[in-house]
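Trainee: I would like to learn how to read the contacts between side chains in a protein model. Could we go through them slowly, one kind at a time?

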Amino acid sequence: MAQPDSKKVFFENLTGAGKAIAVLTSGGDAQGMNAAVRAVVRMGIYVGAKVYFIREGYQGMVDGGEDNIKEATWESVSSMLQVGGTVIGSARCKEFRSHEGRLRAAHHLVEKGITNLCVIGGDGSLTGANLFREEWSGLLAELVEQGLISQDSSQKHSALHIVGMVGSIDNDFCGTDMTIGTDSALHRIIEVVDAIMTTAQSHQRTFVLEVMGRHCGYLALVSALACGADWVLIPEMPPEDGWEDKMCQKLSATRSRGTRLNIIIVAEGAIDRHGKPITSSIVKDLVVKCLGFDTRVTILGHVQRGGTPSAFDRILASRMGVEAVMALLETTANTPACVVSLCGNQSVRLPLMECVQMTQEVQKAMDEKKFEEAVKLRGRSFENNLRTYKLLAHRKPESELPVSNFNVAILNVGAPAAGMNAAVRSAVRVGISEGHKMFAVSDGFEGLYKGQIKEIKWADVGGWTGQGGSLLGTKRTLPAKHVDKIAEQMRLHNINALLVIGGFEAFECLLQLYDARATHEDFCIPMCMLPATISNNVPGTDLSIGADTALNAIVETCDRIKQSASGTKRRVFIIETMGGYCGYLASVGGLAAGADAAYIYEEPFDIRDLQSNVEHLTEKMKTSIQRGLVLRNENSNENYTTDFIYQLYSEEGRGVFDCRKNVLGHMQQGGAPSPFDRNFGTKISAKAMQWITKKLTETFRQGRVFANTEDSCCLLGMRRRNLVFQPVVQLKDDTDFVHRIPKEQWWLKLRPLMKILAKYRTSYDVSDSGQLEHVVRNRPKESDASVAM
């Protein structure tokens, strides 16, 4: 197996021996809470700490007793990763708000020797935890005075350490891009919207959907962006006076262009500029009265909180749970209570009360009708979502559009990936808004050299966001052999800029076109590539459009496969995933599905490793574990094939477990795009078109566009916290062209996490671990990682 790098910092020196950690879920439940609980329990046990469940949130802490505060075992969190809600229960506790209630809670914790609390909940739950921590020494003094604990016990448990994780479908907590449960709630909403769209189209109906979110419009805004809703009403940005007429005009204009349905999304806390609630029934009555459209209301309600957690939420919760335990191991008496957050693609730790105060400031700004400020306080992610929605949903009249006289062509290259169509729609509409004439190329570069180019209008891309595959058509053909014909077509159609959406082939295409600039001036134009591939193997980006949808397909299938063995004898499943030589799907899918092992090309393995894995599974199977899951990337090893591994496990596990194998195949490439992929594609495409506009303006001289510098041929990717435009030629040295993967891949750092949670002893690199930072009100635009949704 790959040896650890001696330069890295590993956490073997962080020990939990002698420490007791308690985990509780409080407030409203959210999908993914169980994944966080599982990660805390297993990581805590792994480092040698005792870990306790506190059942029913703060109520269990106040009531005490063996049933409410119970030591957790490794097996007690088995088979809970895919379960929605919280299996340890959650309740809102009035008693904990009183001093007497907190005194009882402190007594019960000291009895168990617990001085480390991991709280999973919303801002109210986390604020309560911080107050508890601040009062801790005073509470212990009272307990000593009352004779309930000894002075020695008081000194031994003198400090209470708190780490929070935000579990809330509302995503209303400042300081984190995403809270646990939000992505799953978006999945529920989008599933309903996609289903409603088919019936609405059949009857030419208007549907008004009401979604949850309390006083936060995040769910409404992002679901509107993900389904291309005609109108959205959110509390942070109430519509201007006279919105009723504007909305009806918009709906009427959409119908007049031939659309058979309208979708309006209303946040449950939506208000007008005067603070008056706007309900779904008010909107319905308005549409019926003004337009006479057949209109229906659907209130989604608690459906949004139910169901299994998405792959994103499982990975987020698992990462946060492990990070929370590490934060508790590193705390001192002077460390402030912190919350583990997500910024871009990175875990960060932020002071809990700074986040809570900013969250409260949002509500204060809304109460004072300072709506612009409220949007800014929600963070760059929210701001960017709102800006992008306005750009795509509301078409300016022709008279108000700038006139650029530039022609921009869009094409898809490589294998289809869910979310490509959302990216095309976004590019077309932003391009038209910027005054460009947009051209669609069918079948990639093959279509380009054959002249399959036509102008594409605003209405042509209506309803594209929810469509899987590639509606433009996509081929793997590279341009090198057809450079002359492609140049001729670009001259013929006067193409001034190129937007290429695709995977590794798209990257190679841009490199070839850059080289062709030496002989063909037609390619001296701004060119931008958006990474779109389920394999996530494009250099220069941590994430690609389509990878999240594929991960969800893998995880859902793994859940079903594991469930098929429930109630039968012990069974291990060997599952083959796609990805070429890139092990992203196998590794991250393995973490999300709770796999015992994942074999990939990037981490070489031999027969001894396979034997060790079989023995490890055999030991686990002899306890209460009934099912095992092993993932294998399709090109992980040419000799240790899926069949070979299946036969090896079958033979070596004989008498303990039996084996089954599944090759998932192209089901990973199909299906409707996930909310994440729709929004990721939509937002990075909008950003790419704005970059193209800027480059066109900069390079337009003497009546023509001429761009031949490295920075005019770029890939737009997400790097850690940043969205970065990177010249493709500068990415050549970072690329293994033989195996079509980047030389360095961030997700390899998640592999030890999967192994730890599967009970393997391993080295875990903490050099990249979250350090305590401070809440930043407005990050600079270039480090805007708000594409994380």
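Mentor: Let us begin with aromatic rings, where rings of Phe, Tyr and Trp (its six-membered ring) pair if their centres lie within 6.5 Å. Please keep in mind throughout that this is a predicted model.

Trainee: Which residues form one aromatic cluster here?

Mentor: The cluster is made of Y58, F96, F132 and W136.

Trainee: How many aromatic pairs does the count come to by this rule?

Mentor: The count comes to 15 aromatic pairs. One of them is formed by F507 and F737, whose rings are stacked, with 6.0 Å from centre to centre and 15° between the planes. This pair links distant parts of the chain, since F507 belongs to helix α17 (residues 504–516) while F737 lies in the loop between β26 (735–736) and β27 (741–742), and the two are 230 residues apart. F507 is buried at 0% relative accessibility, whereas F737, at 32%, counts as partly exposed.

Trainee: Why is the pair of W691 and F725 called stacked?

Mentor: The general idea is that a pair of aromatic rings is described by the distance of the centres and the angle of the planes. The ring centres of W691 and F725 are 5.1 Å apart and their planes stand at 10°, so this pair is stacked. Because W691 lies in helix α22 (residues 675–699) and F725 in strand β25 (residues 722–727), the pair ties together parts that are 34 residues apart in sequence. W691 is buried, with 9% relative accessibility, and F725 is partly exposed, with 23%.

Trainee: Where does the charged end of R255 sit?

Mentor: The charged end of R255 sits over the ring of F293, at 4.3 Å from the ring centre. R761 lies over the face of Y46, and there the distance to the ring centre is 4.1 Å.

Trainee: I would like to turn to salt bridges; how many does a search of the whole structure find?

Mentor: The search finds 40 salt bridges. In reading one, we look at a side-chain nitrogen of Lys or Arg within 4 Å of a carboxyl oxygen of Asp or Glu. R188 and E191 make such a bridge, with their closest N and O atoms 3.6 Å apart. Because R188 and E191 are three residues apart in helix α6 (residues 182–203), about one helical turn separates them. R188 is buried, with a relative accessible area of 12%, but E191, at 46%, is partly exposed.

Trainee: Which residue forms a salt bridge with D294?

Mentor: The partner of D294 is R205, and the closest N and O atoms of this bridge are 2.8 Å apart. Here the pair links distant parts of the chain, with D294 in the loop between α9 (280–291) and β9 (295–299) and R205 in the loop between α6 and β6 (206–211), 89 residues apart. D294 is partly exposed at 31% relative accessibility, while R205 is buried at 16%.

Trainee: Are R378 and E236 buried or exposed?

Mentor: R378 counts as buried at 15% relative accessibility, and E236 counts as buried at 0%. These two residues form a salt bridge in which the closest N and O atoms are 2.7 Å apart. The bridge links distant parts of the chain, for R378 is in helix α12 (residues 371–378) and E236 is in the loop between β7 (231–233) and α8 (243–256), 142 residues apart. Salt bridges can also share partners, and in this way D123, D170, D172 and R214 are joined into one network.

Trainee: At what angle do α6 and α22 pack?

Mentor: The angle between α6 and α22 is about 90°, and their axes are 9 Å apart. The two helices, α6 and α22, are therefore roughly perpendicular to each other. Where they meet, D183, L186, H187, I190 and D194 come from α6, and P675, F676 and R678 come from α22.

Trainee: Which residues does V441 touch, not counting residues up to four places away in sequence?

Mentor: V441 touches A409, I410, L411, G447, L448, Q452, I453 and L472, when residues up to four places away are left out. V441 is found in strand β13 (residues 437–441), and this residue is buried, with a relative accessible area of 0%. The C-alpha atoms of V441 and N412 are separated by 7.9 Å, although these residues are 29 residues apart along the chain.

Definitions and conventions. Residues are numbered from 1 along each chain as its sequence is written. This is a predicted model: local features need pLDDT of at least 70, side-chain atom pairs count only at pLDDT 80 or more; totals for chains, interfaces and linings use all residues. Side-chain values use heavy atoms; hydrogens and water are left out. Helices (H or I, at least four residues) and strands (E, at least two) are DSSP runs, numbered from the N terminus. Buried means under 20% relative accessible area, exposed over 50%, partly exposed in between (1.4 Å probe, protein chains only). Rings of Phe, Tyr and Trp (its six-membered ring) pair if their centres lie within 6.5 Å; planes under 30 degrees apart count as stacked, over 60 as edge-to-face and the rest as tilted. A charge sits over a ring if NZ of Lys or CZ of Arg is within 6 Å of the ring centre and within 35 degrees of the ring normal. Contact means heavy atoms within 4.5 Å. Axes are lines fitted to C-alpha atoms, for helices over the stretch in contact, and angles run from 0 to 180 degrees between N-to-C directions. Angles under 35 degrees count as roughly parallel, over 145 as roughly antiparallel, 65 to 115 as roughly perpendicular and the rest as oblique.
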